[in-house]
Each structure stands twice: as C-alpha cells, then as structure tokens.
Amino acid sequence: MPFADELISRHTAQNLTHAIRAAAPDADLTALRAAAGQIDPLPLRGRADLLRDALLTDLPGDYAALARTVRTARDQAPDFTGWLIWPVTDAVATRAVQQGDSASFDDAMALLASLTGRLSSEFAIRTLLRHDLDRALATVVGGWTGSADADVRRLACEGTRPYLPWSVRVPQILARPGVTVPVLDALYRDGSEYVRRSVANHLNDLSRDHPELVVATARRWLDQPDATTQRLVRHGLRTLVKRGHPGALELLGFAPAVLDVEGPRLDRDVVPFGGSVRFTASIRNAGDAPARLAIDYIVYHRKADGGRTGKTFKLTTRTLAPGERVEVTREHSFRPVTTRRYHPGPHAISVQVNGVESDRAEFELAAADTP
C-alpha cells in the first residue's frame, strides 16, 4: 500500500498532462510538465496544490474556458480519473471563486458533482463553501442529498464535515453550530452504507465542539429509526463515549451503574521499549438491576515535556446481572508506529466503565536501546 504522499506522484502529474493535452491540444503545458519534476519532496496536500497551480497557469482565461477543457477531458480521456482529480477540482473551484459571479459558482458545483465519482470532490468543495456557504449549502441540501448517485450524496456529507482530514477548514461551518445538520438529517437513513458511514463521521466531527447538539440530533434520529440507525449513532457518538459523556452513554443504553472495579493489575512494572504490557481488571455489578456496560481503557503516555496525556481505547461491552462479575484483560503494545512517538518514563493505565474512571496503575516505559 502506498504512503499517503505517494497517492499523488510524478506519474499522476504525467497522466494529468496527457489528459489536458488531449483536451486542449493548443495549450502550452510548461508548468504541468515542470511540476512532475518538483513533486517528490512535497507532502500530499502540497502535491495537490502544486498541480492545481500549474493547471491554472497553463490554462489562463476565464472560468468558462477552464470548465470546457475539464469537461472535454472528463468525456474523452480514459485516464482522467483517480488522484489527479483532486488538483483538477481544486482548480475548478479556485477559478470559479476568482471569477466571482454566481453562474460560475453554480457551474463549478455541478462540475464537482460530475467528477466526484472519479475520486472525490470533497476537498475542492471547501473553497466554494468558504466563499459562499449559504449558496453552496442550498445546492448541497436542495440537490445533492437527493441525488440518485451515491457518490454525490456522500459528497454532500463528506465535503461539509467540520474536520475533514487533509482539507482546509471552513471557518463559517465552525462558527455556526448546526449549519450542516440538515445535510445529516437528509442522509442518516440513506440506503448506502458508504453514505451512512460519512454521516457517522460527520456527526463525530461535530461532537468535538458541540456535544449537546450531537446528542440531541442522535436522539431525534433514534425516535424515527430504521434498521441501520442504531449502528450509525453508535459510530457517530464514539468519541463522546470515549470521553464518558453522560448523555451519549445514556442514549446508547449505558446508564449509571453501581459497580465494584478492581484493578487494573499489570503483569510488569517496567515495559521494554517496543514491548507490551498486559493488564487485567475485575468489574462486578453491585446494584440490584442489570447493568449494561461500555468498558474502555485509557493509556497515559508520557510527553516530551514530562507531562502525560491520556488516549482512550475501546475494550468491550457487557451486560451484568446483579452480583455478576466479569474479568477483562488486554495486552497493549508499545511497538513503534508512525502516528505516535513514545517517550521513556512514567506511564499509566486505567479502566473506564460507563464514563467513570478507575484508579491508575503506574509503570515505566524503558528507553530504546542505543548502539
């Protein structure tokens, strides 16, 4: 599997050059040809931006001229697909905003929708959302959410996410709580799992800043569910559950419970760098009614400055009868990964049940061996 940066490569730039040459044979594609040799040192977003800017340089003129060339490439070039679509859609949105008129804006929205099945236009739509959020959302809610094309329906949801990965932020979405909820309301019962997954991720994004809005929205959906709603809501509330948010836990059936928690107990006090630690905890329902439990664990990693920060990991769910006990165990690895840097020193693990955290069990992570 390629690294993220390799998704847009020298080969991608060459394919884009060939497709544009076929669509606009008289165009001087100096910038695009040069970009192929400049792409290797750049991160993924930088590669997309490089090709976008080269395309805009090589195809000067108004928005309509660029849109004609893109549509010709779309309709005639068989290789006009895949990751080269990202810089193309970015160029379309950028030129439309530069043009500044509503006809160009609306045509760019339509062109992005027609291209989204070839990769996704979710990154490019951010430029249009930042320029005129209300006009863009009118098309998204009034047209895209009802499209017969699942790729377009997903674009409606994914492209408007508050914290879409690899994308620029849309300050207007962040500043107007709930402005994208009509998109989610239109799609949470969509017939496509692909679309519903996007709805859940969008809802999870919203929970970072507006947990009460998210819980209220999920509660409305559960009042009018279909066979997939419970699963979608569970996925959309996952961050709030990890944070122990009482409203999210209760909505999913994890009410406060009277529990006796013993542990966690660790199998070692010092963990070698790259090694793992196993922990065990015992949980007993001390109440007089059955208790449905969301059981997670939190690892407190040491930071470079000596402080510690907790990361929550999902463990299991259980329903315990009064007096019933369950023992949970997990082995947590400190094998080096690209997404986290481990720092030697004091660490800790705790167990969290229905949002209530146990005592922490302390251990040391040893330093890496040095030659």
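1. Start with strands S1 and S3. In this predicted model, S1 and strand S3 (residues 276-285) run antiparallel and are joined by 6 bridges. For one example of facing residues, look at Arg265, which stands opposite Thr280 in S3.

2. Now widen the view to the sheet. S1 and S3 belong to an open sheet of 3 strands, ordered S1-S3-S6, with antiparallel pairing. Which strands stand at the edges? They are strand S1 (259-266) and strand S6 (325-333). Each has a single partner strand, so one side of each is left without a neighbour in the sheet. From one strand to the next, the twist averages 15°.

3. Turn to strand S4 (residues 291-302). How many of its 12 residues are buried? The count is 10, so S4 is mostly covered; buried here means under 20% relative accessible area.

4. S4 pairs with strand S5 (residues 308-320). The pairing is antiparallel and takes in 12 bridges. Find Ala294 and look across: its bridge partner in S5 is Thr317. S4 and S5 form a hairpin, with 5 residues between them.

5. Two charged side chains sit over rings. The charged end of Arg360 is over the ring of Tyr300, 3.6 Å from the ring's centre. Lys311 lies over the face of Phe313, and the distance to that ring centre is 5.4 Å.

6. Next, the aromatic pairs. The whole structure holds 8 of them. One is formed by Trp83 and Trp86, whose rings are 6.3 Å apart, centre to centre. Their planes are at 50° to each other, and the pair is tilted. Is Trp86 buried or exposed? Trp86 is buried, because its relative accessible area is 1% and the cut-off for buried is under 20%. Trp83 has 23% relative accessibility, so it counts as partly exposed. Both residues belong to one aromatic cluster, together with Phe123 and Trp166.

7. Compare that with the pair of Tyr188 and Trp221, which is stacked. The centres are 4.6 Å apart, with 10° between the planes. Where do the two residues lie? Tyr188 is in the loop between helix H11 (181-187) and helix H12 (193-207), while Trp221 is in helix H13 (residues 211-223). The pair therefore ties together parts that are 33 residues apart in sequence. Both Tyr188 and Trp221 are buried.

8. Finish with a loop residue, Thr145. Its loop lies between helix H8 (133-142) and helix H9 (150-158). Why does Thr145 count as buried? Its relative accessible area is 10%, and buried means under 20%, so Thr145 falls in that class. A polar atom of its side chain lies 2.8 Å from the backbone oxygen of Val141. Leaving out residues up to four places away in sequence, Thr145 touches Val140, Arg153, Ala156, Val183, Ala186 and Leu187. Select these residues together to view the surroundings of Thr145.

Note on methods: Residues are numbered from 1 along each chain as its sequence is written. This is a predicted model: local features need pLDDT of at least 70, side-chain atom pairs count only at pLDDT 80 or more; totals for chains, interfaces and linings use all residues. Side-chain values use heavy atoms; hydrogens and water are left out. Helices (H or I, at least four residues) and strands (E, at least two) are DSSP runs, numbered from the N terminus. Buried means under 20% relative accessible area, exposed over 50%, partly exposed in between (1.4 Å probe, protein chains only). A polar contact is a pair of N or O atoms within 3.5 Å; within protein, one must be able to donate a hydrogen and the other to accept it, and residues adjacent in sequence count only if both atoms are side-chain atoms. Contact means heavy atoms within 4.5 Å. Rings of Phe, Tyr and Trp (its six-membered ring) pair if their centres lie within 6.5 Å; planes under 30 degrees apart count as stacked, over 60 as edge-to-face and the rest as tilted. A charge sits over a ring if NZ of Lys or CZ of Arg is within 6 Å of the ring centre and within 35 degrees of the ring normal. Two strands pair if DSSP finds at least two bridges between them. Axes are lines fitted to C-alpha atoms, for helices over the stretch in contact, and angles run from 0 to 180 degrees between N-to-C directions.
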